[in-house]
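Dear colleague,

I am handing over a structure that I would like you to look through alongside this message. Please open it first, and then read the notes below with it in view.

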Amino acid sequence: MTDFSALNEKTISFIGGGNMARAIIDGLLKAKHEHHLTLNLGVSDSNPSKLDEFIAKGLSAVSPDDAKQIIEGADVVVLAVKPQVMRDVAGSIAPYLNEQIVLSIAAGMSVDTLSDMLGGYRNIVRCMPNLPASQGFGASGLYASNPSEEARLMTQNIMQASGMVSWVEDESLLHAVTAVAGSAPAYFFYVLENMIAKAVEMGLSPEDAHALAVQSMRGAAALAEDQDPATLREQVTSKGGTTAAALDCLYRDDVGGAFARAMQACSDRSFELGQTLSQS
């Protein structure tokens with residue numbers, strides 16, 4: 001079980017209250033309750049209805065004009081706005097940063113680029129999260145150029161509240177994290193879409209097709225959590241059997257190669273976006 005004591009008596013403030021911020025906040029609220037933490041959470045967002053939702057959950061919620069209120073006393077400031085507006089947002093909050101840890105979940109934006117936007121501020125940790133964080137099954141990559149032990153532990157705990165965390169020692173490896181985790185849920189959704197559609201074509205009801213396909217994926221993931229996928233594939237494949245017939249089609253159509261090419265395309269695009277953002 002994860003030890004979340006590093007977050008006790010801390011204040012974490014989110015700049016931006018979008019879907020990923022909400023997922024991380026919900027994970028933190030769950031950890032706060034289950035581990036009896038004294039944890040203060042704040043959020044700044046321009047949408048009044050979102051602010052009302054956060055207030056109902058017990059957060060300090062303010063408009064961007066009042067963000068100073070939740071930044072100055074924070075231990076960690078989570079930047080959860082789109083990269084396209086980050087320069088303006090960074091400029092507006094930079095005057096209130098002192099020793100806070102800045103955790104950025106902005107896709108493609110390097111630590112150096114963000115530091116420049118924040119006027120040279122360097123206490124930054126970069127994160128590449130993914131959508132399953134909303135269900136507590138997130139997979140996040142973290143990077144910092146020279147993090148203190150406190151920054152490393154606190155940001156790790158923040159993301160562990162909604163899933164698992166993997167640190168990378170080279171920032172360029174976050175492109176690979178994007179390919180294998182950040183964008184990966186879409187690959188699995190695509191597989192599910194096609195499996196469900198074919199099962200319906202074969203006569204199953206949409207409800208049964210959906211339930212069977214999703215449960216099969218869930219079960220496969222559970223098995224693969226602590227076992228080698230190749231070994232598991234061999235265990236369920238009898239020579240000349242039904243699974244072998246299905247796999248023969250996948251091999252013939254080079255589905256493995258297609259996944260490899262898709263992941264490379266994802267990584268390449270992540271690199272390109274990072275270059276574009278650094279020059280904007």
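The end C-alpha atoms of residues 11–108 lie 26 Å apart, and this span is 41% helix and 22% strand, where helices (H or I, at least four residues) and strands (E, at least two) are DSSP runs, numbered from the N terminus. An unreviewed UniProt entry annotates residues 11–108 as "domain: Pyrroline-5-carboxylate reductase catalytic N-terminal"; UniProt positions are given here in the numbering used for this chain, feature names are shortened, and annotations may be inferred rather than shown by experiment.

Before going further, please keep in mind that this is a predicted model, in which local features need pLDDT of at least 70 and side-chain atom pairs count only at pLDDT 80 or more, while totals for chains, interfaces and linings use all residues. Residues are numbered from 1 along each chain as its sequence is written, and side-chain values use heavy atoms, with hydrogens and water left out.

The UniProt record, again an unreviewed entry, also lists residues 171–273 as "domain: Pyrroline-5-carboxylate reductase dimerisation". The end C-alpha atoms of residues 171–273 are 14 Å apart, and the span is 81% helix and 0% strand. Separately, the chain is divided into domain 1 (5–169) and domain 2 (183–262), with bounds that come from an automatic or database domain assignment, and the C-alpha centres of domain 1 and domain 2 lie 35 Å apart.

For the chain as a whole, the secondary structure comes to twelve helices and eight strands, and the C-alpha trace spans about 65 × 40 × 35 Å along its principal axes. Of the 280 residues, 40% are buried, a word that here means under 20% relative accessible area, with exposed meaning over 50% and partly exposed in between (1.4 Å probe, protein chains only). Among the contacts (heavy atoms within 4.5 Å) with a separation of 6 or more, 62% are between residues 24 or more positions apart.

The charged end of arginine 152 sits over the ring of tryptophan 167, 4.3 Å from its centre (the rule asks for NZ of Lys or CZ of Arg within 6 Å of the ring centre and within 35 degrees of the ring normal).

Asparagine 130 is in the loop between strand 6 (124–128) and strand 7 (138–143), and at 6% relative accessibility asparagine 130 is also buried. A polar atom of the asparagine 130 side chain lies 3.0 Å from the backbone nitrogen of alanine 139.

Finally, tyrosine 187 is buried, with a relative accessible area of 16%, whereas phenylalanine 259 is partly exposed, at 32%.

With kind regards

Key: Polar contact = N/O pair within 3.5 Å; in protein donor to acceptor, adjacent residues only side chain to side chain.
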